[in-house]
Amino acid sequence: MLHEILKTSLAISEQAAHVALAAFEQRDEYVRESKGLQDWVTEADRNVEAFIKQSLSAAFPSHHFLGEESGGELTPPCWVIDPIDGTTNFLYGIADFVISMAFVDEQGPAIGIICAPAHRRTIYAVRGEGCFESGKRLEVKDNGDSELVIGLNLNYQAGIPEDFILKTQRMIDNGHQIRMSGSAAWSLTQVACGELDGCYVGEVNVWDAMAAQVICNETGLDTAPYFKHTGPIYAFPPTSPLKKLLID
C-alpha cells in the first residue's frame, strides 16, 4: 500500500517542482507578504500548495491534509505539506528551497519526500524500507568527532536567536564549522545525504520537519521525536559528539 502511495506522490512532487521552478524563474513578479518577523509568504507558496493539495485529493480522496498555507488537521491518514520551505531563499534567488511532503498513517509518519526544484533533486524515504536518491540508497555517514560541519538554523521567536548564538559559539570553541541554509527541511536532508555532519534547528513547525525526519530516520540518524505542532529538531549520526554539545 505504501509503495503505491509513494509512486503517486513522487509523481505529484515532480509536477509540483515544475510549478515551483517556473515561479522561481519569475520570482521578481511576486509580492512578498509578512506572516511575522522574517517570515515571508508569496502567491507562489499558495499556488504550489494548492496544486499539491488538489492532486493529492484527486489521487487519495480519503486522505486529510495539513498545509502551511491552507491549514488543516493532522488526522491520519494525512499529508503534511510545506510548499516552499525557504521562502526567503526563493525570493532572493538562492537555490536552497524545497517542497516538503510527508504522509502519516495510523502508525505515524510513513513517507517523506523532499524535492529541491532548483537543484533538480528529490530525496524520499518509506518507513522501515530506507531512503533513496536517484535509485541509490542513502545511509548514515559519520566523519568522526573533530572538525565537523554543522547546519544551524534559527527563526526570530523570542529566545531562539540568543540560543543560536550560544550554540554557534559552542561549535566554534570545539573546532567545528557552521552552515546556515535558511531551510530547516533542506538542512536535515543534507545530513541524510552526507553533506552535513549534523543539524540543529530551534522551534519549527511540523510541516517544516516531518518529511525530512522520515528521511533522516531511514538513513540511520538520530532525530528529535515527532511532534504535532512546533518544537526543536535535529539530526546526528548515533555516535556523533554533536548531540551532546547542542542538545541541552
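Residues are numbered from 1 along each chain as its sequence is written. In this predicted model, local features need pLDDT of at least 70 and side-chain atom pairs count only at pLDDT 80 or more, while totals for chains, interfaces and linings use all residues, and side-chain values use heavy atoms, with hydrogens and water left out.

Strands of a sheet pair through backbone hydrogen bonds, either parallel or antiparallel. Here, 8 strands form an open sheet of mixed pairing, in the order 4-3-5-6-7-8-9-10. Strands (E, at least two residues) and helices (H or I, at least four) are DSSP runs numbered from the N terminus, and two strands pair if DSSP finds at least two bridges between them. Strand 4 (71-72) and strand 10 (136-138) are the edge strands, each pairing on one side only. Strand 4 runs antiparallel to strand 3 (residues 64-67), and 2 bridges join them; glycine 67 has glycine 71 of strand 4 as its bridge partner. Helix 2 (residues 43-59) packs on this sheet and touches strand 3, strand 4, strand 5 (78-85) and strand 6 (98-105). The direction of helix 2 makes about 155 degrees with that of strand 5.

Turning to the helices, the axes of helix 5 (residues 184-192) and helix 6 (residues 206-218) come within 8 Å and cross at roughly 5 degrees. Axes are lines fitted to C-alpha atoms, for helices over the stretch in contact, and angles run from 0 to 180 degrees between N-to-C directions. Helix 5 and helix 6 are therefore roughly parallel to each other (angles under 35 degrees count as roughly parallel). Contact (heavy atoms within 4.5 Å) involves Ala184, Ala185, Leu188, Thr189 and Ala192 of helix 5, and Asp208, Ala209, Ala212, Ile215 and Cys216 of helix 6. These contact residues divide into 8 nonpolar, 1 polar and 1 charged (Ala, Val, Leu, Ile, Met, Phe, Trp, Tyr, Cys and Pro count as nonpolar, Asp, Glu, Lys and Arg as charged, and the others, Gly among them, as polar).

Two backbone details complete the picture. Most residues other than glycine have a negative phi, and most peptide bonds are trans. The peptide bond from proline 76 to proline 77 is cis, with omega near -10 degrees, and proline 77 lies in the loop between strand 4 and strand 5. Arginine 120, in the loop between strand 7 (108-116) and strand 8 (121-126), has a positive phi near 55 degrees.

Conventions:
Angles under 35 degrees count as roughly parallel, over 145 as roughly antiparallel, 65 to 115 as roughly perpendicular and the rest as oblique.
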